[in-house]
Amino acid sequence: MGSNNPHWLFNNECHIERLSTELEAIDDPSKRLIESLNTFNALRTECYDMTNKLSDCHKAFGDVVGTSKSFDWYIKDNSNIKIVLAGPTHSGKSTLINTLLSCQLMPSSGGHTSGRICILAHSTTIRIKFFKVIPHQDQDHPSRLECIDDETITIENQRQLQTTLKQHLSRPAGIDNEADPLTFKEWASKIVRVEFPSPLLRTGLEIIDVPGFSISDHASLFSIRKQFFNVYQPTGIMFCYSNTAFSDGEVLAMPDLIHSLPSDHNDSMLFVNTKRSKSEVALNNNIDQGDEIPLELINSYTDICFSKVEKSIPNASKRRFSIVNALDFIKQPKSVGTRYMFNQFIDQLIKWIAKIFQQQGHTLLRMIELECKSMWKVGDSLKFKLGHDCDIDTLKRDTFDVLNQYANDVSVSVNRIVDTIPVRFMEVLGLKSTKNSSSRRLSIS
Ligand SMILES: Nc1nc2c(ncn2[C@@H]2O[C@H](COP(=O)(O)OP(=O)(O)OP(=O)(O)O)[C@@H](O)[C@H]2O)c(=O)[nH]1
Ligand SMILES: [Mg+2]
């Protein structure tokens, strides 16, 4: 077991420091994100490998002392990192996902677009699967996601995927929440899972696009989202909003999101102010359009955007805030200012994900610590027993004494019976017993 303190398993701070210098050298933002996720995953795997060894040891120990308790349940939770993009409608969530994935996949348009929750995950084959949430029945049947097998669609190429996804994610023209909320809710409650080859998602990341908040359909979508989050707990949430200062709709979107989450995810949220462009920075600083923008002005503009959101969100932290303009980056990936802004966003995203991994590591450590404590307790009581009650010499001596006593008791009993034999024998024969019957005594000792 080694040490009484299992913190040697996961020294996050030093790994993250080493990581940032290594990653700074990667110029391409999406490559940097992929490399970071791979590095985090390698650390996590290392951590879980150690935990598995500890679990094996715990099991073996449990078998010896007769307790079958193990912490397998936690190890099973070594699942993908699930990042949710949520926020008001039209805030650019689907566009940002497409930019992160470097492909035009999610439908995005001028209006209210995504109507269904969509999970994006890696696979070598392209498929669209549909799921429904089966609500909690009893203790043995908790709520779960069930795949509607006969509806799975296998797809040939990326282009076909894009058009098929549009059909299944965009709000259908004939189904309107206000006119027929029941039909809309039934349509919207189908969860879509898209699997396709993706370098970013191959790292073990899952991205979840959630239909944007709007006053008109939040009642239907709230309960769908709540049920979904209950069976598919997100690891982290990116709250995307496009107004520099929160608009009314954006202010309402926050509690609507928070209340649909199973526990307080406020701390694991990254605030992303979308659609911020460097032309705004120019305008703010009286710089003519087309002129070079000093990069430090982009930083001070980020500070301005943050100070505005700070007023609407309690406990907002600058470390969990970023501005982005996904469309600018798609259109002009080589422009220095645009690239700088997108790189800043990716770095903030990487740091935020690093923090999530770190938190997971700490939770794991707490579990290990508890398990170790319980093992040491059992060990101590076993040691105590061995030292005081069950010393092998004492055991041998006690056993010998007991056996001796037993032999003696048996011998006395048998002799008593033998003693009576002649009397009985005589009685049966009608004869008188002889006085010296004791000479025929049976001796067994
Ligand atoms: N200028 C600019 N426009 C953007 C940006 N991101 C998205 N848009 C535009 O904003 C509109 C909405 O974008 P979507 O990505 O569909 O927004 P959404 O948040 O997914 O919306 P819902 O699916 O309704 O929740 C589209 O017309 C996009 O082209 C951005 O970074 N800059
Ligand atoms: Mg969308």
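A residue is called buried here if 20 or more other C-beta atoms lie within 10 Å of its own, exposed if 12 or fewer do, and partly exposed in between, with C-beta atoms placed from the backbone. The model is predicted, so local features are described only at pLDDT of at least 70 and side-chain atom pairs only at pLDDT 80 or more, while totals for chains, interfaces and linings use all residues. Residues are numbered from 1 along each chain as its sequence is written, and chains are lettered from A and ligands numbered from 1 in the order in which they are written.

Of its 445 residues, 30% are buried. Two residues are in contact if their C-beta atoms, placed from the backbone, lie within 7 Å. Among contacts between residues at least 6 apart in sequence, 76% join residues at least 24 apart.

Leaving out residues up to four places away in sequence, Leu 349 touches Leu 33 and Leu 270. Val 210, in the loop between β7 (205–209) and α7 (218–231), is buried because 24 C-beta neighbours lie inside 10 Å. Beyond four places in sequence, Val 210 contacts Val 84, Leu 85, Ala 86, Ile 117 and Arg 225.

Helix α5 shows a clear division of its sides. Its 12 residues (158–169) reach 16 Å from first C-alpha to last, close to the 16 Å expected at 1.5 Å a residue, where the expected span is 1.5 Å times one less than the number of residues. Leu 161, Leu 165 and Leu 169 of α5 are buried. Seen down the axis, the buried residues of α5 fall within an arc of 45 degrees, so they line one face of the helix; the arc is that of the directions from the helix axis to the C-beta atoms. They pack against β2 (118–122), β3 (126–134), β5 (153–155) and β6 (191–196), whereas Arg 159, Gln 160, Thr 163 and Gln 167 are exposed on the other side of α5.

Turning to the ligand, 20 residues surround ligand 1, the closest being Gly 92, Ser 94, Ser 108, Ser 114 and Gly 212; a residue is near a molecule if its C-beta atom, placed from the backbone, lies within 6 Å of it. Helix α4 (93–101) gives the most to this shell, with 3 residues.

Most residues other than glycine have a negative phi. His 90, however, has a positive phi of about 70 degrees and sits in the loop between β1 (81–86) and α4. With 19 other C-beta atoms within 10 Å, His 90 is partly exposed. Asn 286 also has a positive phi, near 55 degrees, and is found in the loop between α9 and α10. Asn 286 is exposed because 6 C-beta neighbours lie inside 10 Å.

Technical notes: Helix = DSSP H or I, 4+ residues; strand = E, 2+ residues; numbered from the N terminus.
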